[in-house]
Amino acid sequence: MSEVSTIKITKTTKSRLSETDLKNVPFGKIFTDHMLVADFVNGAWQEPEILPYQPLSFDPSLSAIHYGQSIFEGIKAYHNVRNETVIFRPYDNFARFNQSAVRMQMPEVPEEIFIEGMKELINLDKAWIPGYDNHALYIRPFMFSTDTFIGVRPSSTYKFMIILAPTGPYYSKPVRIAVEEKYTRAAPGGVGQAKNAGNYGASLKPTSDAQAQGYDQILWTDAFEHKWLQEVGTMNVFFVLKDKVLTPSLEEGTILDGVTRRSAVVVLREMGLNVEERKVSIDELIDEYKKGNFLEAFGTGTAATISPIKELAYKDEHLVFDLEKSSQTSIELGKRLSDIRLGIVEDVHGWIEKI
Ligand code: COI
């Protein structure tokens with residue numbers, strides 16, 4: 001990062017930090033003192049600014065509200081064991097953000113705004129990073145269209161922002177997952193690979209239906225046969241069999257290319273496991289479960305980190321995992337990733353960005 005910031009900063013006159021219990025922060029409810037804002041107007045990004053965290057005000061015809069040109073990312077920052085402030089793989093999220101932007105016909109955000117702006121903002125609010133196990137500073141970059149016009153066309157103006165939320169674990173306990181048989185998240189050629197707001201909006205009804213049946217989340221399946229597994233509402237998914245680890249592959253463009261997923265594939269291979277990224281059907285998993293070969297399942301995500309799955313339910317089948325006995329892979333993977341983030345082991349992959 002440049003020694004001298006070029007970003008205009010207006011500091012808050014009243015920090016909320018002393019009123020915040022960083023040990024008990026629910027995910028996504030508490031935000032730090034500042035936010036970054038940059039506007040795209042007249043075909044160009046304007047200088048970003050850091051301002052006190054505050055509400056925004058808009059015209060009711062704001063195009064993002066009507067037609068959903070709105071994308072986001074999730075990234076985490078930590079204090080490592082040397083008390084340095086580090087961000088985990090921000091360039092991967094930066095690249096994915098701009099891929100989402102292209103798919104949603106939005107302007108790409110330059111590195112000076114996304115990465116340098118993020119570092120500057122975190123540096124200003126780094127006292128908000130919780131120093132507790134399984135806690136982090138969750139970074140939420142997002143962009144939405146701001147034309148005040150309700151004709152259907154791409155907006156000509158956009159707002160890019162970053163807000164920061166100190167957070168504990170997203171799931172406080174292992175999750176029960178229903179395999180979705182009716183609704184569809186994404187089909188080839190759709191927007192499944194983009195991290196756009198609408199994907200999450202569309203997931204709420206099917207997820208609420210599953211929650212009414214006692215599940216925490218749904219596992220999406222393909223649009224045509226509802227048997228090829230895609231991703232869970234808030235995370236990618238891995239299945240540990242006796243001789244291999246399976247995770248749905250990316251080539252159909254229906255699931256998110258998760259940064260934690262990517263990291264997990266590398267670390268699981270370093271653990272000596274045979275990871276197959278390919279099409280995985282629920283029938284294959286049921287079959288392996290009945291043979292006693294399906295040992296463990298877990299989700300991966302920035303917010304969710306590594307989340308053990310207690311149960312997968314599909315029609316009348318309930319694949320239940322005894323986590324006391326069989327969560328070694330997810331525990332070891334979680335520990336290895338945490339050791340990298342916290343600087344306990346060397347960052348041989350270049351995943352850690354120091355501020
Ligand atoms: C993340 O893991 O960062 C996500 O974006 C998932 C969810 C909280 C929307």
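**A ligand and the shell around it**

Let's start with the shell. The residues around the ligand divide into 6 nonpolar, 3 polar and 2 charged. Keep in mind that this is a predicted model.

Who is in that shell? Here are the names. F27, F72 and G74 are there, along with Y138 and R140. Then come Y170, K195, Y200 and T234. T302 and A303 complete the list.

Take Y138 to begin with. One of its polar side-chain atoms lies 2.5 Å from an oxygen atom of the ligand. Next, K195. A polar side-chain atom of K195 lies 2.8 Å from an oxygen atom of the ligand. T302 uses its backbone. There, a backbone N or O atom lies 3.3 Å from an oxygen atom of the ligand.

How much of the ligand's accessible area does the protein cover? On its own, the ligand has 280 Å² of accessible area, and the protein covers 90% of that.

Which pocket is this? The ligand sits in the second largest pocket.

Let's step back to the whole chain. The protein chain is divided into two parts: domain 1 covers 8–167, and domain 2 covers 175–341. Their centres, taken over C-alpha atoms, are separated by 27 Å. The two domains are in contact, with 20 residues from domain 1 and 19 residues from domain 2 taking part.

And where does the shell come from? Domain 1 (8–167) and domain 2 (175–341) each supply at least three residues to the shell around the ligand.

Notes: Residues numbered from 1 in each chain as written. Predicted model: local features only at pLDDT ≥ 70, side-chain atom pairs only at ≥ 80, totals over all residues. Heavy atoms only, no water. Near = heavy atom within 4 Å. Polar contact = N/O pair within 3.5 Å; in protein donor to acceptor, adjacent residues only side chain to side chain. Areas by Shrake-Rupley, 256 points an atom, 1.4 Å probe, with all protein chains shown as cover. 1 Å grid on protein atoms, 1.4 Å probe; cavity = no way out; pocket = protein on both sides within 12 Å on 5 of 7 lines; lining within 4 Å. Sits in = over half its atoms within 2 Å of the grid points. Nonpolar A, V, L, I, M, F, W, Y, C, P; charged D, E, K, R; others polar. Domains from an automatic or database assignment. Contact = heavy atoms within 4.5 Å.
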